[in-house]
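Hi everyone, thanks for making time today. Let me put it on the screen.

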Amino acid sequence: MAIGILTGGGDAPGLNAVIRGVVLTGVQVHGLDFIGFRDGWKGILHEDYAPLTRHDIRGISKLGGTIIGTSRTNPFEHGGIERVREVFDKIGVDSLIVIGGEGTLAATKAMADLGLPVVGVPKTVDNDLDGTDYTFGFDTAVEIATESMDRLRTTGDAHGRCMIAEVMGRHVGWIALHSGMAAGAHAILIPEVKTSIEQVCDWVTSAKDRGRAPLVAVAEGFSLETMKDVHAERGFDEFGRPRLGGIGEVLAPMIQERTGIETRATTLGHIQRGGTPTGYDRVLATRFGMAALQTVIDEKWGRMVALRGTEIIDVALDDALGKLKTVPQERYDEARLLFG
Ligand code: F6P
């Protein structure tokens with residue numbers, strides 16, 4: 001019998017390090033076999049899989065993406081647990097490790113509730129999953145966003161412009177808060193805190209008055225006080241989620257018109273999710289993978305590995321779902337002291 005592994009949802013730097021952590025520990029320490037399902041739950045439903053051997057995971061910690069592919073397929077819309085059990089029996093899989101974000105882990109919990117021997121590993125660059133202090137991929141996204149803002153500042157300085165850097169963060173502003181603080185942004189705008197355009201312009205003008213080229217960090221899910229919904233001019237994706245991106249371009253002309261300061265916006269988008277994970281993310285992901293395997297060996301089904309302080313623990317999938325880990329008001333207020 002083998003242990004199955006799948007990665008679901010949007011990718012995050014560190015997915016491959018998790019896979020390596022699971023397989024290397026399993027082979028080297030316990031002599032176990034593994035099967036990788038391609039493209040998330042879809043790989044189970046379509047019987048699209050391949051063995052994951054020690055050879056397959058050589059040197060992959062530093063690779064972005066996921067060597068087994070990912071998708072947002074919901075298994076309950078395509079045969080549900082009966083189909084999963086049928087495939088497991090046919091190919092000899094007796095348990096499953098699912099690496100995914102909120103949507104993927106919700107399906108994982110539902111499968112566990114129905115009796116599937118499954119364990120979860122939390123993943124999201126947005127860092128919005130409750131139950132774990134941090135998710136891997138977040139640190140990499142913050143690094144990329146910080147470096148990008150540093151670059152935006154030098155061109156902003158050269159032209160005396162206000163620069164807006166739009167970063168990921170669908171429901172929460174962790175990437176904007178951390179990268180904005182690291183880059184010394186003059187305003188940080190996050191989904192949790194609705195703000196008026198007048199307030200944003202005050203911060204921009206104050207920075208300009210001190211001879212600085214203003215830098216505004218904004219999360220894609222931010223909306224102004226006057227906006228009813230998030231900015232999603234590209235409609236909805238196939239799963240009914242608004243396609244975010246572009247709030248920076250909305251703010252730029254508003255700021256320019258009100259302050260008279262030439263303003264440019266840059267949307268970083270998927271750049272933040274691609275490429276090499278940071279050392280921190282590789283270590284966290286590897287430890288998550290090793291702990292997930294131990295959770296399987298201990299037959300603690302329906303649990304998810306999590307970071308608490310510096311320890312890796314396991315929590316009920318329930319604890320990680322249903323509630324987003326938003327930026328606390330006091331963390332925002334702390335950063336806000338330095339705006340303008
Ligand atoms: O949830 C992570 C995330 O990166 C969000 O910040 C972003 O809105 C979304 O995924 C983008 O998803 P997609 O890969 O479908 O464009």
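Let's begin with the overall layout. Keep in mind that this is a predicted model. Taken over C-alpha atoms, the centres of domain 1 and domain 2 are 33 Å apart. Where these two meet, 18 residues from domain 1 and 17 residues from domain 2 make up the contact. As for the bounds, the domain assignment gives 2-137 + 277-321 for domain 1 and 138-274 for domain 2.

Now, where does the ligand sit relative to these domains? Both domain 1 and domain 2 give residues to the shell around the ligand, so the ligand lies between them. The space it takes up is the largest pocket.

Let's look at who is in that shell. You'll find Arg 72, Val 125, Asp 126, Met 168, Gly 169, Arg 170, Glu 220, Arg 241, His 270 and Arg 273 around the ligand. Sorted by class, that shell has six charged residues, along with two polar and two nonpolar ones.

For His 270, an N or O atom of the side chain is 2.8 Å from a ligand oxygen. For Arg 170, again with an N or O atom in the side chain, the distance to a ligand oxygen is 3.2 Å. Gly 169 uses its backbone: a polar atom there is 3.5 Å from an oxygen of the ligand. On its own, the ligand has 400 Å² of accessible area, and the protein covers 78% of that.

Methods
Residues are numbered from 1 along each chain as its sequence is written. This is a predicted model: local features need pLDDT of at least 70, side-chain atom pairs count only at pLDDT 80 or more; totals for chains, interfaces and linings use all residues. Side-chain values use heavy atoms; hydrogens and water are left out. A residue is near a molecule or strand if one of its heavy atoms lies within 4 Å of it. A polar contact is a pair of N or O atoms within 3.5 Å; within protein, one must be able to donate a hydrogen and the other to accept it, and residues adjacent in sequence count only if both atoms are side-chain atoms. Accessible areas come from the Shrake-Rupley method with a 1.4 Å probe; for residues, only the protein chains shown count as cover. On a 1 Å grid over the protein atoms alone, a cavity is a set of points where a 1.4 Å probe fits but cannot get out, and a pocket is an open set with protein on both sides within 12 Å along at least five of seven lines; lining residues have an atom within 4 Å of a point. A molecule sits in a cavity or pocket if more than half of its atoms lie within 2 Å of its grid points. Ala, Val, Leu, Ile, Met, Phe, Trp, Tyr, Cys and Pro count as nonpolar, Asp, Glu, Lys and Arg as charged, and the others, Gly among them, as polar. Domain bounds come from an automatic or database domain assignment. Contact means heavy atoms within 4.5 Å.
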